[in-house]
Amino acid sequence: MAIDLLGPDPIYQQIAAVILERIKDGTYELNRAIPSEAEMCDEFSVSRNTVRAAIRSLNKQGAVRTVRGRGTFVAAQPPQ
């Protein structure tokens with residue numbers, strides 16, 4: 001799934017959708033870390049604030065959990 005920088009949907013929502021799809025398809029395994037904010041900034045060519053907004057959105061959905069100083073991990077029971 002590509003990010004449409006000029007599309008109508010906010011970029012952070014598009015990134016959150018990509019991450020959620022990777023969780024669902026097993027690319028990111030349960031209880032394992034997802035790539036760092038810096039890695040996602042490089043992958044999607046966006047600012048750190050945009051990546052953080054995507055992660056915040058996924059935190060609220062219960063798909064990931066962030067551990068300060070360790071990273072962001074796929075939740076044990078991500079939403080279906």
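1. Let's start with Gln14, whose side chain reaches the backbone nitrogen of Asp4 at 2.7 Å. This is a polar contact, meaning a pair of N or O atoms within 3.5 Å; within protein, one must be able to donate a hydrogen and the other to accept it, and residues adjacent in sequence count only if both atoms are side-chain atoms. Gln14 sits in helix α1, which covers residues 11-24. With a relative accessibility of 12%, Gln14 counts as buried. Buried means under 20% relative accessible area, exposed means over 50%, and partly exposed is in between, using a 1.4 Å probe and protein chains only.

2. A word on where these values come from: this is a predicted model, in which local features need pLDDT of at least 70 and side-chain atom pairs count only at pLDDT 80 or more, while totals for chains, interfaces and linings use all residues. Residues are numbered from 1 along each chain as its sequence is written, and side-chain values use heavy atoms, with hydrogens and water left out.

3. Now step back to the whole fold. The protein has three helices and two strands, and their order along the sequence is α-α-α-β-β. Helices (H or I, at least four residues) and strands (E, at least two) are DSSP runs, numbered from the N terminus.

4. How does the radius of gyration agree with that of a compact globule? For 80 residues, a compact globule would have a value near 12 Å, and the protein has 12 Å, so the two agree. This radius is taken over C-alpha atoms, and the globule rule is 2.2 Å times the number of residues to the power 0.38. Along the principal axes, the C-alpha atoms fill a box of roughly 35 × 30 × 20 Å.

5. Here is the surface in brief. Buried residues make up 32% of the 80 residues. The accessible surface comes to about 5200 Å², and 48% of it belongs to carbon and sulfur atoms. Accessible areas come from the Shrake-Rupley method with a 1.4 Å probe; for residues, only the protein chains shown count as cover.

6. The protein has 10 positive and 9 negative charges, and their mean positions are 12 Å apart. Lys and Arg count as positive and Asp and Glu as negative, while His and the chain ends are not counted. Each charge is placed at NZ of Lys, CZ of Arg, CG of Asp or CD of Glu.

7. Thr72 belongs to strand β2 and is buried, with a relative accessible area of 10%. Its side chain makes a polar contact of 3.3 Å with the side chain of Thr66. Leaving aside neighbours within four places in sequence, Thr72 is in contact with several residues, including Arg32, Ile34, Ile55 and Val64. Contact here means heavy atoms within 4.5 Å.

8. Follow that list to Arg32, which lies in the loop between α1 and α2. Is Arg32 buried or exposed? At 52% relative accessibility, Arg32 counts as exposed. Not counting residues up to four places away in sequence, Arg32 touches Thr72, Phe73 and Val74. Arg32 and Asp42 are ten residues apart along the chain, and their C-alpha atoms are separated by 20 Å.

9. Asn31 is also found in the loop between α1 and α2. Asn31 has a phi near 65°, a positive value in a residue other than glycine. Asn31 is partly exposed, with a relative accessible area of 41%. Ser45, in the loop between α2 and α3, has a positive phi of about 55° although it is not a glycine. At 59% relative accessibility, Ser45 counts as exposed.

10. Ala76 lies in the segment after β2. What does Ala76 touch beyond its neighbours within four places in sequence? Ala76 is in contact with Leu30 and Asn31. Ala76 and Glu29 are 47 residues apart in sequence and 9.3 Å apart in space, C-alpha to C-alpha. For the protein's contacts between residues at least 6 apart in sequence, 45% join residues at least 24 apart.

11. Last, Asp25 is in the loop between α1 and α2 and is partly exposed, at 48% relative accessible area. A polar contact of 2.5 Å joins the side chains of Asp25 and Thr27. Asp25 and Arg56 are 31 residues apart in sequence and 21 Å apart in space, C-alpha to C-alpha.
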